[in-house]
Amino acid sequence: DSFIYYGLSTNTRIDIVGDNALTAALYAPSADITFNGDSEFYGSVVGRSATLNGSSSFHSDESLFADGPKRMVVVETWDEI
């Protein structure tokens, strides 16, 4: 399944849990977004932060940037574990 999610400014947390593939565009600039388990995410994410736990994976949908920004992924900070 695929969907588009628009988070309000009061939406401060999103947890994606499981071992399924998800195709989505998540726009929640105030939210800390966490991917847990063996989830595979296809699409785009705008959030305050994003964390991948377990063997989660993220695949950016390049077609979303055809008429948009030239940079696909912007990483501002990170923590290596």
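Trainee: Is Asn 11 buried or exposed?

Mentor: The general idea is a cut-off on relative accessible area: buried means under 20%, exposed over 50%, and partly exposed in between (1.4 Å probe, protein chains only). Asn 11 counts as buried because its relative accessibility is 14%. Please note that this is a predicted model, in which local features need pLDDT of at least 70 and side-chain atom pairs pLDDT 80 or more, while totals for chains, interfaces and linings use all residues. Residues are numbered from 1 along each chain as its sequence is written, and side-chain values use heavy atoms, with hydrogens and water left out.

Trainee: Where is Asn 11 found, and which residues does Asn 11 touch?

Mentor: Asn 11 belongs to the loop between β1 (2-6) and β2 (13-18). Contact means heavy atoms within 4.5 Å. Apart from residues up to four places away in sequence, Asn 11 touches Tyr 5, Ala 28, Ser 30 and Ala 31.

Trainee: How many helices and strands does the chain have?

Mentor: Both are DSSP runs numbered from the N terminus: helices (H or I) of at least four residues, strands (E) of at least two. Here there are zero helices and five strands, giving the pattern β-β-β-β-β along the sequence.

Trainee: How many bridges join β3 to β4?

Mentor: Two strands pair if DSSP finds at least two bridges between them. β3 and β4 run parallel and are joined by twelve bridges; within this pairing, Tyr 27 stands opposite Val 46 in β4. β4 also pairs in the parallel sense with strand β5 (residues 57-60), over four bridges, and there Tyr 42 stands opposite His 59 in β5.

Trainee: Which residues make up the largest nonpolar core?

Mentor: In soluble globular proteins, nonpolar side chains tend to be buried together. A nonpolar core is a set of buried Ala, Val, Leu, Ile, Met, Phe, Trp, Tyr and Cys residues joined through side-chain atoms within 4.5 Å. In this chain the largest one has ten residues: Ile 14, Ile 16, Leu 22, Ala 24, Leu 26, Ala 28, Ala 31, Ile 33, Phe 35 and Phe 41. The elements giving two or more residues to this core are β2 and β3, and β3 gives the most, with seven residues. Among the contacts of Phe 41, leaving aside neighbours within four places in sequence, are Ile 16, Leu 22, Phe 35, Phe 58 and His 59.

Trainee: What share of the 81 residues in the chain is buried?

Mentor: Buried residues make up 22% of the 81.

Trainee: How many salt bridges does a search of the whole structure find?

Mentor: A salt bridge is a side-chain nitrogen of Lys or Arg within 4 Å of a carboxyl oxygen of Asp or Glu. The search finds two. In one of them, the side chains of Arg 48 and Asp 32 meet at 2.8 Å, N to O. Arg 48 lies in strand β4 and Asp 32 in strand β3 (residues 21-37), so this pair ties together parts that are 16 residues apart in sequence. Arg 48 counts as exposed, at 59% relative accessibility, whereas Asp 32, at 25%, counts as partly exposed.

Trainee: Which residue meets Arg 13 in a salt bridge?

Mentor: The side chain of Asp 15 meets that of Arg 13, also at 2.8 Å, N to O. Arg 13 is exposed, with a relative accessible area of 58%, and Asp 15 is partly exposed, with 38%.
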